[in-house]
Structure formats: structure tokens, C-alpha cells
Amino acid sequence: MTFIEENLERIREEISLCEKKSSRESGSVKLMAVSKFHSLEEIKEAIRVNQFLFGENRVQEAFEKFSQLNQNANIDLHIIGSLQSNKVKNAVKIASCIESVDRISLIDEIEKQCEKINKRIKFLFEYHTGEDSKSGFTSYDEVLNILSLISMGKYKHIIPCGFMTMAPFTEDESLIRKSFSTLRDLSDKCKKEFPNFNLSELSMGMSGDYKIAIEEGSTIVRIGTAIFGERKYI
Ligand SMILES: *Cc1c(COP(=O)(O)O)cnc(C)c1O
């Protein structure tokens with residue numbers, strides 16, 4: 001077994017155990033492989049062992065790697081890093097979902113670029129729940145307000161699917177848990193106010209904290225290091 005294959009098998013098993021322990025339905029947590037800073041060859045190795053959901057932070061890097069994999073229709077790429085408006089045009093070409101939507105001006109730009117290519121794209125609201133991340137919405141009202149604009153038909157090419165957050169980098173498990181439960185509270189509130197939207201996704205949990213995230217209701221865990229090893233930042 002290769003390094004990546006071994007890691008994927010182990011993590012899949014741990015996710016499945018964690019689902020059981022927290023009385024979650026089997027298969028309710030999706031595993032995303034975060035391939036930023038890793039090569040096309042490493043991505044292909046993950047695909048070989050049936051990993052099809054990927055996350056990338058930087059649009060240019062994602063574009064270079066994933067446009068070479070276009071023939072594989074199973075591949076699902078999410079953009080998870082903070083997104084500058086001038087990168088949206090390429091982002092919407094390669095991704096099925098933008099998870100890092102953190103401001104209304106970005107929503108306007110995504111709508112505009114998707115309209116041009118006649119594509120509908122999924123997105124998640126990134127919410128700020130921990131000190132370490134600088135991005136994300138900071139008020140529930142702002143999120144509710146945007147959902148209400150969408151429900152009134154202002155945006156026709158974007159599909160709200162849920163919420164994403166990054167927990168603080170800390171040893172203090174209660175702070176991490178608090179961050180995840182804050183996102184779940186937001187999700188519950190929005191689902192109640194907008195029952196017509198399918199806001200079922202909760203993207204939370206990374207290599208170091210995904211088990212806590214699953215206990216708190218995560219539906220997508222975003223895992224890089226535990227699958228591909230340490231990133232070499234160059
Ligand atoms: C890099 C990154 C991850 C993956 O982090 P690991 O600790 O390597 O698992 C998850 N989410 C976001 C938003 C990231 O930028």
C-alpha cells in the first residue's frame with residue numbers, strides 16, 4: 001500500500017467509527033482531501049484509491065492541477081481558501097462549490113461570473129468562529145439577510161448549501177468544540193428561517209480536530225496533512 005492509500009484507509013475507518021460513536025448515520029460525513037501544495041501525481045494517487053472530493057485554497061494552483069483532470073467526471077473540487085474577487089472567474093470554472101464565501105461583494109462577483117458561463121454553483125457561508133482565522137462572516141444577521149435576498153430571487157446562479165468554519169489552533173478542546181457548535185447553531189437558525197433551502201452541509205474539522213467536528217455534526221471534514229503528509233511551502 002502507498003502512503004496516501006494507507007492514510008486514506010485509516011481516516012475512512014476513523015470517520016466511520018466516529019459516526020457510530022456519535023450516533024450519526026453511516027456515510028453522513030464526507031471526506032475531502034485538501035491537496036493544496038501537493039502535486040498532480042499525489043492527487044492522481046488519491047483518485048486511484050477512490051478519493052473524488054478535493055479542496056484547494058489557491059485558485060491558480062487549483063486551476064493548473066485540476067484542469068488536467070477534466071476527463072474524470074467524478075471529481076468534485078471545492079475552493080476553501082479566501083478568495084479574491086479577481087480569481088472568481090477561474091474559480092467558478094473548475095469548482096462545484098465555493099466554501100469560503102465570506103462577504104456579500106464576493107457573492108455578487110460569483111453570481112456575475114456564473115451568469116456569464118451559464119453555470120449554477122454551490123456555496124457555503126464561511127463563518128468566523130475562532131480567533132486564528134481572519135475571514136468569515138461575523139454576524140448571524142448578515143447571513144440571514146443574504147439568504148433572504150437569495151430567496152427573493154436576487155441571485156439565480158448560486159445555491160446556498162450550508163456553512164464552513166475553521167476552529168482556532170489550540171490544545172483547548174472546549175474552545176474547538178465551541179467553535180463548531182457556534183456554526184451548528186447558525187445552521188439550525190438558518191434552516192428554521194429558510195426551510196425551502198437545503199442548508200445541510202456543515203464543513204468543519206481538519207487533520208487535528210475532525211473527530212470533535214464529527215461529534216458536533218460536521219458533514220464535510222477537510223483533511224490535508226493526515227492524507228498527504230506535511231506541506232512544503234515554497
Ligand atoms: C489547509 C486547510 C485544511 C486542511 O488542513 P490540515 O490541517 O492539513 O488537514 C482545511 N481547511 C482549510 C480552510 C485549509 O486551508
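**Close-up views of a predicted model**

**View 1. Phe37, in a loop.** Phe37 counts as partly exposed because its relative accessibility is 26%, where partly exposed lies between buried (under 20% relative accessible area) and exposed (over 50%), with a 1.4 Å probe and protein chains only. Phe37 is found in the loop between strand E1 (30–34) and helix H2 (40–48), helices (H or I, at least four residues) and strands (E, at least two) being DSSP runs numbered from the N terminus. Although Phe37 is not a glycine, its phi is positive, at about 65°. This is a predicted model, in which local features need pLDDT of at least 70, side-chain atom pairs count only at pLDDT 80 or more, and totals for chains, interfaces and linings use all residues. Residues are numbered from 1 along each chain as its sequence is written, and side-chain values use heavy atoms, with hydrogens and water left out.

**View 2. Asn118, in a loop.** Asn118, which is placed in the loop between helix H5 (104–117) and strand E5 (121–126), is a residue other than glycine with a positive phi, near 55°. With a relative accessibility of 68%, Asn118 counts as exposed.
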